[in-house]
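This report goes through a structure in terms of its strands and helices, its cores, its chain contact and its salt bridges.

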Protein chains: 2
Amino acid sequence: MNVFDRHRIEQHLDLGVAERWLEEGFIAYSQGKVQAPPVQTFVFAQSNGDCCIKSAYVEGSETFTVKVSTGFYDNPARGLESNDGLMLVLCARTGQPLALLADQGWLTGMRTALAGRIVARRMAPAKVEAIGILGTGTQARMQLAQLMPVTTCREVSVWGRSDAGLAAYRDYAQALGFDVRVEREPKAVAEAANLIVCTTPSREALLQREWIRPGTHITALGADTSGKQELDPRLVASADRIVVDSIRQCSQYGEVSHALQAGLMSPARLVEIGTVLAGDAIAREDEGQLTVADLTGVAVQDAQIARCAFESLRG
Amino acid sequence: MNVFDRHRIEQHLDLGVAERWLEEGFIAYSQGKVQAPPVQTFVFAQSNGDCCIKSAYVEGSETFTVKVSTGFYDNPARGLESNDGLMLVLCARTGQPLALLADQGWLTGMRTALAGRIVARRMAPAKVEAIGILGTGTQARMQLAQLMPVTTCREVSVWGRSDAGLAAYRDYAQALGFDVRVEREPKAVAEAANLIVCTTPSREALLQREWIRPGTHITALGADTSGKQELDPRLVASADRIVVDSIRQCSQYGEVSHALQAGLMSPARLVEIGTVLAGDAIAREDEGQLTVADLTGVAVQDAQIARCAFESLRG
């Protein structure tokens, strides 16, 4: 079995090809053609860590994938990254392990960023005034970079809790060619931007309904486990279109779950991105609409980006 | 991360040490000190294969383990083994991947065989007249070899469905130093042996109550998923002592499940091997008792044998 490290994976992954594979994965998921058993989770209370194991197989594909992701939040004090991870690619015809992608979580970050790109292609307003970013971490960076092929807008308005994080983000975004506005409040981001990406681990709403400009699109990524929340449930419920990666999962713990639990909207309003990509639903009808994408992360994304990386790495 | 192949793992694993680690794992499991999320499973209908992912963490230990096992039953026609597998060992303090044990399923076979040894130490009659083995596959071989430290008996009576399998098993057991009797019926095994190990994937009872000699111990390993069965439920229910690896799991699909579903016995009669090893229950009180061990396989065994292998391999 081949072992590939993060550097080689980054060198070989073609992001345009990966985007197409991810789209195919979302479509297969929404068509019921993906086996994805329930996620396994561990909590390591003594070391302030957790681990989840996500596995998926797209019916008919040559490989399937097992992903192990860890988050150990005292790691930075030891000089280590908080997040680590790897993906195993196995042959769906013989069961043989084919490759270990020791990507340290990079592929997970990238599949999440490319999902942001995929929804923005269908949901962003035609004229993006400014991109808004909540959060200054790895995903806040990856999202901005992966939005660049979607829009010519090079204005970004960013909010985060840490001054150091904001300063570093400013440098990062400027290096990408952006004019950067650092904001003291999420409200200022909402007032400046009409394509907003929320990337924080917040447990309370950061964006309120009344702040949002007409025609804005918001992609929310942070609510990836129970208890997390970035959007006012009234904001979610009032959107003209609500696209999710997984109706089942987002109903359990995405942004959408809060609006559903509060009785503010019907689950019948939810549309999966795979259904949009298959041409069976429309994500945005006109420039005046407020649209929301709630992305909690599904294992088929891991299977697809791992397949894509493996295909390029084996040459 | 280090990758170790099967050959190196076999060379380094000390079976006596592994046996003690497995005992500690069973004890921890029965004391509720093991995190083991539900098993993930895949079915690959087109290629006649399946995969399961078992993960476990023993509270307080330095590592945790994710195991991927595959069975692809058309593989022999391609010149490949049906079963393959690997174990990932990760650090429970930082989440970092420490080792990939590319054991091709050998560690799973060995932890199962050592579990057979562990129960035989507590449950086999003092005087073993003959060892009885149902099945002629890998586990049938490993069980016999791992029973050798438990008894001085070197008589084995074996039954299997395939003449070629029986002939090969005879050669294998003779090379270990056994006198081998090849039997045409399971009944003949029951009549000859008072320490019997059942290792087949049978879906119907192979051993009937009335055939069993007084004082016999039977270890049944085959019923590792729903629908499998090797023992007459009346035989299970009439045993003087019934030891299981997991009360929860064996009640779902072990030999015990059939007797419970038929209303032949109370679940209160089940005792876990971890409880016996902790000294909180007795597995055999006298030489006249009929005892049964129902081992369905629990993920803590994987975590413990992987830890043990990793400790010796890293030197």
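Strands here are DSSP runs of E of at least two residues, numbered from the N terminus. The model is a predicted one.

Buried means under 20% relative accessible area, and B:Val89 counts as buried because its relative accessibility is 0%. The C-alpha atoms of B:Val89 and B:Asn2 are 9.9 Å apart, although 87 residues separate the two along the chain.

B:Ala120 sits in helix α3 (residues 106–123) of chain B and is buried at 3% relative accessibility. With neighbours within four places in sequence left aside, B:Ala120 is in contact with B:Leu147 and B:Val150. Its C-alpha atom is 8.1 Å from that of B:Leu195, 75 residues away in sequence.

In soluble globular proteins, nonpolar side chains tend to be buried together. The largest nonpolar core holds 64 residues, and the members touching the most others are A:Leu13, A:Leu101, A:Leu107, A:Ile131, A:Ile133 and A:Ile305. Helix α3 (residues 106–123) of chain A gives the most to this core, namely 10 residues. A second, separate core has 63 residues, among them B:Val89, B:Ala113, B:Ile131 and B:Ala173.

**Contact between the chains**

Chain A and chain B put 40 residues each into their contact. The area buried between them is about 3200 Å², with 66% from carbon and sulfur atoms. There are zero salt bridges between chain B and chain A, but 14 residue pairs are in polar contact across the interface, both residues being at pLDDT 80 or more. On the chain B side, β3 (40–44), β4 (49–58), β5 (63–72), β6 (83–91) and β7 (97–102) each supply at least two residues. The largest share, six residues, comes from β4(B). By type, the chain B side consists of 24 nonpolar, 12 polar and four charged residues.

**Salt bridges**

Side chains of opposite charge can pair when their charged atoms come close. Over all chains, the whole structure has 26 salt bridges.

| Pair | Closest N–O distance |
|---|---|
| A:Arg122 and A:Glu23 | 3.0 Å |
| A:Arg314 and A:Glu62 | 3.8 Å |
| B:Glu183 and B:Arg181 | 3.3 Å |

A:Arg122 is in helix α3 of chain A and A:Glu23 in helix α2 (residues 15–30), so this pair ties together parts 99 residues apart in sequence. A:Arg122 is partly exposed at 30%, whereas A:Glu23 is buried at 16%. A:Arg314, in the segment after α11 of chain A, and A:Glu62, in the loop between β4 (49–58) and β5 (63–72), are 252 residues apart. Both are partly exposed, A:Arg314 at 45% and A:Glu62 at 42%. B:Glu183 is buried at 8% relative accessibility. A:Glu19, A:Arg117 and A:Arg121 are linked in a network of salt bridges.

Key
Residues are numbered from 1 along each chain as its sequence is written. Chains are lettered from A and ligands numbered from 1 in the order in which they are written. This is a predicted model: local features need pLDDT of at least 70, side-chain atom pairs count only at pLDDT 80 or more; totals for chains, interfaces and linings use all residues. Side-chain values use heavy atoms; hydrogens and water are left out. A nonpolar core is a set of buried Ala, Val, Leu, Ile, Met, Phe, Trp, Tyr and Cys residues joined through side-chain atoms within 4.5 Å. Buried means under 20% relative accessible area, exposed over 50%, partly exposed in between (1.4 Å probe, protein chains only). Helices (H or I, at least four residues) and strands (E, at least two) are DSSP runs, numbered from the N terminus. Contact means heavy atoms within 4.5 Å. Buried area is the accessible area (1.4 Å probe) that two parts lose on being put together, summed over both. A salt bridge is a side-chain nitrogen of Lys or Arg within 4 Å of a carboxyl oxygen of Asp or Glu. A polar contact is a pair of N or O atoms within 3.5 Å; within protein, one must be able to donate a hydrogen and the other to accept it, and residues adjacent in sequence count only if both atoms are side-chain atoms. Ala, Val, Leu, Ile, Met, Phe, Trp, Tyr, Cys and Pro count as nonpolar, Asp, Glu, Lys and Arg as charged, and the others, Gly among them, as polar.
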